[in-house]
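Biologist: I'm new to this one. Can you put it up and walk me through some of it?

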Amino acid sequence: MDHSSSNLGPEMYRWAVDLFPLTRSITGEGVRETLRYFKELCNDLAIKSIPSGENVFDWVVPDEWWIEEAYIESSCGERLLDFKENNLHVVGYSQPIDAFIDYEELSHHLYSLEDNPKAIPYVTSYYSKTWGFCIEDDKRKKFEKSGKYHVVIKSGLKKGVMNYAEILIPGESKKEVFISTYICHPSMANNELSGPIVVTALAIWLQKFQKKKYSYRLIFVPETIGSIAYISKNFNHLKKNVVAGFNVTCVGDPGVYSFLPSRKGDTLSDRVAIHTLDYINSPYKKYSYLDRGSDERQYCAPGVDLPIASMMKSKYGEYREYHTSMDNLDFISAEGLMESLHMYETAIQILENDFTPMYKFICEPQMGKRGLYQNIATLGSSESSRIMMDILAYSDGKNTLLDISEILKKPFALVHENAIKLLNANLILKINNYD
């Protein structure tokens, strides 16, 4: 596997434009519409459901939340806030209300950010029955403290399902690379749409390759409750088969790359991610597992211990626009999405192309008679020969090409390219290392 996607950036950005207005939550029509959109792009994506009320480990799948409209009006009928203008204006899973209340009471249900006064914050209350509105702090300050306000939220809960989707792209081995992303945030671009968009593009790219070493399982779940539910239904399979994986989120913005390790920090996923980012020709920031905050909390939990790491652009919670209306379509770009797609394609190419080389000779082979050594040495001409000799020096049937890349401090692609020359010259054996 040695081809990357052509420039899908503008197309991926168009997907974000289409999906941005949808009112997603952990359940409901917004999630279904989002998943149906991705299924149109990737027909083998299977949309599945878990009924409300089903126990998943220590949690219960919640009822479906629906909302028709929500607004605040002044006593003279002036509309001060309207859900139709921005779906972040309502606290997720708000209970219904239709009442005239004074500012003192309303203020207990208003959420704004004093340090980011032009942003609407994203607030939810999935498991505590309440209601609320989110508003720019600049606008909140204009509310009259002595005024009366008409607050309306037409919403409700009903028995239904929690939807998620997955696709299994089979390879030669039953061992799997597991890729997870989430589809539960309303109108936010980086910390929502960028993840499933890049994962969908990855699925389309992976489907083009007829011969793959690993099988690839890509899932789209509501964050936290979705990953917990998925693990509860697939625990034994995941434990037996997953050899590497990534939680894909926050991959569309212009910020520097970020790396968040698995809990153990030394899995194949961690090593591949670090190697990818070490040679991506751009600085990146390393975080600790103590900085976790997305679904790696479930995948890497004690007893689960799946090898799941994350490569991101700006990490969630670390940028000013995070969980606000400022995380919009202006905050991501076609270039940012494309850079992240290539980052994950590079990581997958490392996983696919890695193997354990075994030296076939006693002492060093005569490279010149195989055309692998410069008989007339000039400045720099011996570098390629030196890399091949270094690869041979560590081809003991124990080190993988990734091991050797780390030992040589050379990019995996360069080591793989020269290992193939050695393989074609019948100097090494290729030992599969994935079963």
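Modeller: What follows covers a sheet, a helix packed across it, and a helix pair. This is a predicted model, where local features need pLDDT of at least 70, side-chain atom pairs count only at pLDDT 80 or more, and totals for chains, interfaces and linings use all residues. Residues are numbered from 1 along each chain as its sequence is written, and side-chain values use heavy atoms, with hydrogens and water left out.

Biologist: In what order do the strands of the open sheet run?

Modeller: The order of the eight strands is β1-β10-β12-β11-β13-β16-β14-β15, with mixed pairing. Strands are DSSP runs of E, at least two residues, and helices are runs of H or I, at least four, numbered from the N terminus. Two strands pair if DSSP finds at least two bridges between them.

Biologist: Which are the edge strands?

Modeller: β1 (46-51) and β15 (284-286), each pairing on one side only.

Biologist: And how do β13 and β16 run, parallel or antiparallel?

Modeller: Parallel, with two bridges joining β13 (residues 242-247) to β16 (residues 308-312). Glycine 245 is opposite isoleucine 308 of β16.

Biologist: Which residues of α7 make the contact with α11?

Modeller: Leu268, Arg271, Val272 and His275, where contact means heavy atoms within 4.5 Å. On the α11 side, Leu402, Asp403, Ser405 and Glu406 take part.
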